[in-house]
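Subject: A structure for you to explore

Hi there,

Here is the structure I promised to pass on. Have a look at it first, and then read on for what turned up.

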Amino acid sequence: MNIRDRYDAATAELEAPFAAVDLAAFRDNAAALVARAAGKPIRVASKSVRCRALLDEALAMDGFAGIMAFTLPEALWLAGHRTSDDILVAYPTTDRRAIAALAADEHAAATVTLMVDSPAHLDLIESAAGDRPVRVCIDIDASYRPLGGHVRIGALRSPLRTPAQVRALAETVLKRPNLRLVGLMAYESQIAGVGDTPPGKPAMGRVIRAMQRRSRMELARRRAAIVRAVTELTDLEFVNGGGTGSVEKTAAERAVTEVAAGSGLYQPHLFDYYSNFTGRPAALFALPVARRPAPGVATCLGGGYLASGPADAIRLPQPYLPTGLAYDPREGAGEVQTPLLGHAADLLEVGDRVWFRHTKAGELCERFAELHLLEGEHLVGTVPTYRGKGERSSDRRRGGRNGATMTVPAAQRLGWPV
């Protein structure tokens with residue numbers, strides 16, 4: 001049985017549109033990430049998974065330890081459910097109510113670490129937490145700045161770039177008795193999040209690979225110097241770096257104690273264009289064919305699930321199964337309908353499914369309240385995403401049959417994205 005037939009058989013009782021995760025592919029991807037990390041622990045990026053059951057699945061595997069959360073409310077929710085005893089909030093928070101809740105909860109305060117990159121963050125945390133202790137981590141600018149700094153390649157994140165700048169903030173933290181500096185983080189988006197084999201652009205690929213080599217060398221030296229400068233002042237629990245696209249490269253740095261990854265578990269199509277690894281598509285969504293307006297055309301219901309980032313064609317979901325389908329360039333992926341062109345369209349009938357891959361990992365879960373878990377040709381579970389409100393999965397099945405599947409109650413929301 002081919003992969004499309006297996007997916008169709010496993011989800012025969014479901015009404016599309018819906019989202020699903022192939023657990024075998026998920027586990028294979030996890031094992032590949034662990035192998036690439038070569039013994040250094042992987043902190044799971046929750047914004048790329050956005051499903052507590054699948055965070056649990058990853059953390060139960062050898063090689064994964066800790067969570068990199070998106071927001072503080074999410075981190076408090078995960079800490080409250082004992083999902084992990086080591087949760088790093090990846091971005092600075094200005095949520096005073098959540099900071100006060102963190103400081104007032106002894107377990108959460110020992111579990112959750114906040115991100116900072118300026119004295120303003122320290123002031124805000126102290127004003128909200130009062131005289132109770134809070135763990136903090138300093139975020140470092142990991143972008144590449146060639147030509148004397150006149151060009152920036154990489155995400156606009158922290159203003160802290162040099163060992164002296166980071167050490168100065170570390171000294172400021174250490175002067176504040178209720179703040180505890182426990183870690184450093186630097187995310188090299190120009191390496192971890194940029195594929196080096198863009199399709200149909202071999203010259204661009206060579207340019208990207210050259211840039212990434214130079215960026216890795218510069219960052220490795222600078223990161224090591226920053227770690228030395230800070231550890232002269234205090235001991236650190238962790239130095240975090242990297243992402244799915246750079247796991248083995250970042251893990252090779254002595255100064256780094258752990259790497260972050262999340263997208264590689266789902267393998268969205270944005271991550272197909274790397275020369276150093278290949279993953280299995282694990283997270284998918286299915287749309288129903290609602291019309292056959294002309295020969296060579298099959299029109300699906302909805303499907304305009306565009307990814308964040310610059311407006312370009314790669315932000316569109318990828319028609320995956322059956323193979324041989326492409327967008328109508330005049331319509332693309334639409335809010336109400338998505339016409340698909342190609343020889344495979346003539347093999348589809350009204351009511352059939354087309355399986356898609358999202359561009360990014362976690363953003364798929366912003367569209368669906370639940371994920372259906374597939375093992376081979378069987379549906380083995382239905383679990384809520386962060387957007388889930390606890391609907392019973394049987395409400396979406398033809399005839400309301402539960403079969404051998406199970407549901408997991410959705411969590412109460414506590415700020416974005418829970």
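Predicted model: local features only at pLDDT ≥ 70, side-chain atom pairs only at ≥ 80, totals over all residues.

You can find Leu371 in strand 16, which runs over residues 370-375. Leaving aside residues up to four places away in sequence, Leu371 touches Ala19, Val21, Cys51, Leu54, Tyr266, Cys365, Gly381, Thr382, Val383 and Thr385. Another pair to look at is Leu371 and Gly388: they are 17 residues apart in sequence, and their C-alpha atoms are 9.2 Å apart in space.

Now zoom out to the whole protein. There are 12 helices and 17 strands. The radius of gyration is 23 Å, close to the 22 Å that the globule rule gives for 418 residues, so the protein is as compact as a globular protein of that length. The C-alpha trace spans about 70 × 50 × 35 Å along its principal axes. Of the 418 residues, 55% count as buried.

Contacts tell you about the fold too. Among those with a separation of 6 or more, 68% are between residues 24 or more positions apart. As for the surface, the protein exposes about 17800 Å², and carbon and sulfur atoms supply 54% of that area.

Finally, take a look at helix 4, residues 72-80. Eight of its nine residues are buried, so helix 4 is largely enclosed by the rest of the structure. The buried ones are Leu72, Pro73, Glu74, Ala75, Leu76, Trp77, Leu78 and Ala79. What do these buried residues pack against? Their neighbours are helix 3 (52-59), strand 3 (64-69), strand 4 (87-89), helix 5 (96-104), helix 6 (106-111) and strand 5 (112-116).

Just after helix 4 comes Arg82, which takes a positive phi of about 55°.

Enjoy exploring, and write back with any questions!

Best wishes

Note on methods: Residues numbered from 1 in each chain as written. Heavy atoms only, no water. Helix = DSSP H or I, 4+ residues; strand = E, 2+ residues; numbered from the N terminus. Rg over C-alpha atoms; globule rule 2.2 N^0.38 Å. Buried < 20%, exposed > 50% of the residue type's maximum accessible area, 1.4 Å probe, protein only. Contact = heavy atoms within 4.5 Å. Areas by Shrake-Rupley, 256 points an atom, 1.4 Å probe, with all protein chains shown as cover.
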